[in-house]
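Here is a friendly tour of one protein model, from a single loop residue out to the whole fold. Keep the structure open beside you as you read.

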Amino acid sequence: MTIELVSGDYFLPRPLVIEPDDSGLEAAPLEIRSAGGRPAVLRAARRLEGLEWTRWRGEVWRAKVSGPAFELLWAGDRPLIRARFPNYDPKLSPFGGVSVEATAPQRVARWADPAGGVIHAVHASRWGGMHIPILGKNADGTLHLGTPTGNNRQPGPSEQERFVENIFEELDAPGEWYFDTKSGWLYLWPADGRPPARTGLIASVGRTVLEVRGTAERPVHDVVIRGLSFRNAAPSFLQSTEPLLRSDWMFDRTGAVLIEGAERVRVTESDFAQLGGNAVVVSGFNRHVAIDGNLIQDVGGSGIAFVGRPDSVRSPLFEYHQSLQLSEIDRTPGPRDPNYPADSSADDNLIHDIGTIDLQAAGVEIATSARISVRHNSIYRVPRAGINIGDGTWGGHLIADNDVFDTVLETGDHGAFNSWGRDRFWHPDRAEMNRRVAAEPSLVLLDALEPDILRHNRFRSDHGWDIDLDDGSSNYIIEDNVMLAGGLKFREGFARVARNNILFNSTFHPHVWFANSEDVFTHNILMSGYQPILIEHWGKELDYNLFPTPQALARARSNGTDAHSVAGSPGFRDPAEGDFRVVDGSSAIAIGFHNFSMDDFGVTSPRLRALAKRPEIPKAIFSDDRQSAQPRQALGMTFKSVETLGEQSAAGLANVQGALILAVDPDGPAARAGLKRGDVILRILDGEYGQTEPIATAEDFLATYQARRWRGEITLEISRDQRRQTIKLPIR
């Protein structure tokens with residue numbers, strides 16, 4: 001059966017629900033689609049019509065509005081800004097502007113009744129965002145706050161990177177609005193300076209437009225949703241209170257399209273935009289659900305999320321610091337019941353400008369699921385990871401042929417691809433983890449049953465890693481990927497293999513490996529030396545890799561690795577155009593590297609290919625360039641390697657080493673940190689890890705600062721006027 005919706009707008013006071021009795025047949029599915037021409041637009045919203053506006057004060061007008069309250073408001077398709085401080089500026093990050101003054105006592109004192117307001121903040125360690133409802137004022141005039149939502153990690157919100165919204169006294173800029181739920185007055189400062197119209201405003205109603213709702217015992221099955229447009233759903237950040245299993249996230253199981261308890265359901269060729277929360281959520285029991293060929297943009301939460309139920313997991317853990325005694329761990333491999341997505345896909349979707357409200361978001365999120373295919377998606381302009389796997393249950397995912405860039409734009413310590421493990425044997429004490437796995441190696445794969453495969457993707461993260469396997473991520477195969485900026489990180493996991501990858505202008509970052517990790521890193525092209533942190537055990541095999549210089553190779557061999565690796569130029573065919581295949585006779589051939597295709601990353605359907613952007617390809621720095629003293633630029637300064645006795649003497653250095661600053665942009669981060677022309681950078685100090693990185697050349701500084709961009713700040717030891725001192729330098 002086919003249900004066709006004629007072109008036009010459908011304002012829905014409640015979600016459309018497809019139930020088991022509505023199911024089709026495998027050979028003849030129920031199809032809901034637009035009739036043709038302009039798509040049918042389904043809006044989780046209501047029109048505000050017949051408004052009688054009167055000028056209230058200055059440029060602000062007001063009108064009475066009946067009916068339920070709302071959190072988002074549009075003038076046609078243009079979003080309006082809920083009254084906030086600081087005022088919204090699309091050029092600023094994060095959140096369009098933040099300020100330490102947002103909740104300063106003198107500002108709070110101006111607010112007569114802030115109940116209903118919200119504090120939005122970056123996590124203090126920049127691991128995401130969080131949202132704190134304002135319930136009113138205490139007797140002493142301080143804010144009475146509710147429970148924070150959205151983040152499942154300690155510590156709390158940043159004091160500096162925050163803003164407040166829905167505060168009446170902050171209605172002070174064109175395009176802003178405020179709705180007084182007690183009196184029913186809607187206040188508006190028109191963006192165009194003209195009196196507001198009686199019609200044309202659209203207010204959000206609910207967080208879901210369409211639900212596919214069944215159960216594992218009685219699923220909805222054989223349904224196709226094609227060519228529809230989903231708009232105007234309400235935000236979900238204050239409902240993001242469920243901690244996802246073993247993840248840094250809290251989550252709200254709603255989306256413009258919500259699928260739970262389904263088999264053989266497809267959402268295709270549809271558009272999602274102007275949404276306050278998630279676009280598509282595949283929750284709990286689902287099998288053979290396909291999300292493909294869709295355009296997802298301007299979304300407050302995640303693009304597509306596959307999220308199982310915690311009752312499907314044996315020995316569940318819900319936060320980084322949680323652990324179980326060995327005697328408490330269920331030794332039965334795999335899931336406990338079927339309430340999770342499996343054998344499903346998110347393919348050929350164009351996803352960009354998501355996480356506009358909730359920074360704890362991803363283009364594609366996978367949590368407590370099995371065998372999810374994520375292929376040929378283009379994902380960019382995201383606040384955090386483009387693709388995120390939140391735990392090790394139960395693996396078998398294929399992440400392939402994707403184009404993911406402009407990531408980690410508003411947070412830190414993530415990658416274009418990001419993952420965690422923290423499976424049932426997890427313990428935050430690394431020594432205890434070593435003891436557990438040494439005594440019982442089978443613990444490692446009780447949850448991570450099948451390998452997750454990252455194959456033939458193009459990743460770029462300028463503020464973290466291109467691929468970040470964090471906190472116990474285990475059982476991965478990573479091959480034939482191009483990494484354009486941040487390189488590859490392995491932290492605290494087991495059974496990971498990385499082979500035949502191109503780490504362009506970047507390198508490998510091994511962090512705190514266990515004694516018996518069984519990790520393998522072979523046949524990869526590097527463009528700077530390894531960047532290890534607290535490595536005592538170097539895995540099963542690191543060898544047959546191409547290093548940029550003999551010095552970088554020698555440092556690796558001093559760790560007992562890379563006996564058969566070589567140093568030399570990779571001989572890329574046309575790196576400026578993104579062709580990183582190597583020419584015949586390249587040094588890469590000697591280490592067993594093989595070429596792979598460079599022109600088929602990202603979306604494939606003609607409609608989406610015409611819209612999709614591509615990443616900027618950074619300028620290559622080859623090994624012969626690294627050995628010269630040509631000036632480099634980064635962080636608002638120009639610098640070169642110290643190379644002469646005269647430069648050594650002028651700076652009072654013990655040796656010919658360091659990065660000499662030649663010029664400082666007065667408006668750049670180096671100048672704001674206090675760096676000056678003539679300073680020599682000698683070391684990067686890693687207080688958190690109790691170690692330092694010496695800077696012998698300008699290239700050493702480039703490599704080491706790039707390895708630490710996720711922190712947002714580094715501490716430098718410099719020489720100035722023949723004296724040593726330390727300077728903190730912001731690197732975002």
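**A loop residue to start with**

Ser99 counts as buried, with a relative accessibility of 16% (buried is under 20% relative accessible area, exposed over 50% and partly exposed in between, using a 1.4 Å probe and protein chains only). This is a predicted model, in which local features need pLDDT of at least 70 and side-chain atom pairs count only at pLDDT 80 or more, while totals for chains, interfaces and linings use all residues. Residues are numbered from 1 along each chain as its sequence is written, and side-chain values use heavy atoms, with hydrogens and water left out.

**Around Ser99**
- You will find Ser99 in the loop between β12 and α1 (105–108); helices (H or I, at least four residues) and strands (E, at least two) are DSSP runs, numbered from the N terminus.
- Leaving aside residues up to four places away in sequence, Ser99 touches Phe85, Pro86, Glu159, Gln160 and Arg162 (contact means heavy atoms within 4.5 Å).

**The whole protein**
- The protein has 9 helices and 62 strands.
- Of its 732 residues, 61% count as buried.
- A compact globule with 732 residues would have a radius of gyration near 27 Å, and the protein agrees, at 27 Å (taken over C-alpha atoms; the globule rule is 2.2 Å times the number of residues to the power 0.38).
- Along the principal axes, the C-alpha atoms fill a box of roughly 80 × 65 × 55 Å.
- Among contacts with a separation of 6 or more, 67% are between residues 24 or more positions apart.

**A five-stranded sheet**
- An open sheet of 5 strands runs in the order β12-β16-β13-β14-β15, with antiparallel pairing (two strands pair if DSSP finds at least two bridges between them).
- At the edges stand β12 (84–85) and β15 (143–145), each with a single partner strand, so one side of each has no neighbour in the sheet.
- Strand β14 (residues 129–137) is joined to β15 by 3 bridges, and the two run antiparallel.
- Lys137 has Leu143 in β15 as its bridge partner.

**Two helices with a buried side**
- Helix α2 (residues 430–439) has Glu432, Met433, Arg436 and Val437 buried.
- Those α2 residues cover an arc of only 125 degrees around the axis, which puts them on the same side of the helix (the arc is that of the directions from the helix axis to the C-beta atoms).
- On the face of α2 turned away from its buried side are the exposed residues Arg435, Ala438 and Ala439.
- In helix α3 (residues 550–557), the buried residues include Ala552, Leu553 and Ala556, and their arc of only 100 degrees puts them on the same side of α3.
- Strands β52 (546–547) and β53 (566–567) are among the elements covering the buried residues of α3.

**Aromatic rings and charges**
- The structure holds 29 aromatic pairs (rings of Phe, Tyr and Trp, its six-membered ring, pair if their centres lie within 6.5 Å; planes under 30 degrees apart count as stacked, over 60 as edge-to-face and the rest as tilted).
- Trp56 and Tyr187 form an edge-to-face pair, 5.1 Å centre to centre with 75 degrees between the planes.
- Trp56 lies in strand β7 (residues 54–57) and Tyr187 in strand β18 (residues 185–188), so this pair ties together parts 131 residues apart in sequence.
- Trp56 is partly exposed at 30% relative accessibility, whereas Tyr187 is buried at 5%.
- Phe490, Phe508, Trp513, Phe521, Tyr530, Trp538 and Phe547 are linked into a cluster by ring pairs.
- The charged end of Arg153 sits over the ring of Tyr320, 4.3 Å from its centre (NZ of Lys or CZ of Arg must be within 6 Å of the ring centre and within 35 degrees of the ring normal).
- Lys489 has its charged end over the ring of Trp465, 4.1 Å from the ring centre.
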